[in-house]
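These are my notebook entries on a structure that is new to me. I set down what I looked up, in the order in which I looked.

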Amino acid sequence: MEHIVTLEAAVTAFAPWLEPTDAELAAIEAEAPLLAAEVEELDTVIALMDRPVNELDTRRARRAHARVLAARAALANTAGTGEAA
């Protein structure tokens with residue numbers, strides 16, 4: 001009969017010392033507005049997929065895309081300064 005032995009890497013894969021660092025958490029927090037804008041844009045596009053697009057829908061999609069671009073610009077402008085957006 002063979003014994004089943006767990007691998008140390010599998011057992012300790014979620015050890016507390018493998019948590020994200022403060023710098024990584026700050027980077028995620030800095031990108032949060034961009035992620036929210038991208039999700040909102042995706043929601044808008046999905047909502048417009050199953051019906052004919054009218055002028056109001058076109059404006060809605062353009063505004064959502066403009067918010068994504070603004071969030072990207074804000075993130076790019078703060079990328080080298082070390083401060084959060």
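Entry one, the helix pair. I looked up helix α2 (residues 22-48) and helix α3 (residues 55-78), which pack at an angle of about 165° with their axes 9 Å apart. Axes are lines fitted to C-alpha atoms, for helices over the stretch in contact, and angles run from 0 to 180 degrees between N-to-C directions. Helices are DSSP runs of H or I with at least four residues, strands are runs of E with at least two, and both are numbered from the N terminus. α2 and α3 are therefore roughly antiparallel to each other, a term for angles over 145 degrees, while under 35 is roughly parallel, 65 to 115 roughly perpendicular and the rest oblique.

I note the basis of these values. The model is predicted, so local features need pLDDT of at least 70 and side-chain atom pairs count only at pLDDT 80 or more, whereas totals for chains, interfaces and linings use all residues. Residues are numbered from 1 along each chain as its sequence is written, and side-chain values use heavy atoms, with hydrogens and water left out.

Entry two, the chain. I found three helices and zero strands, and the order from the N terminus is α-α-α. Buried residues (under 20% relative accessible area; exposed is over 50%, partly exposed in between, with a 1.4 Å probe and protein chains only) make up 15% of the 85 residues.

Which residues make up the largest nonpolar core? I recorded six residues in all: Ala 30, Leu 34, Ala 37, Val 68, Ala 71 and Leu 75. α2 and α3 each supply at least two residues of this core. Such a core is a set of buried Ala, Val, Leu, Ile, Met, Phe, Trp, Tyr and Cys residues joined through side-chain atoms within 4.5 Å. In soluble globular proteins, nonpolar side chains tend to be buried together. Not counting residues up to four places away in sequence, Ala 71 touches Pro 33, Leu 34 and Ala 37, where contact means heavy atoms within 4.5 Å.

Entry four, two single residues. Thr 44 lies in helix α2 and is buried, with a relative accessible area of 6%. Leaving aside neighbours within four places in sequence, Thr 44 is in contact with Arg 60, Ala 61 and Ala 64. I then turned to Ala 64 in helix α3, which counts as buried at 1% relative accessibility. With neighbours within four places in sequence again left aside, Ala 64 is in contact with Glu 41 and Thr 44.
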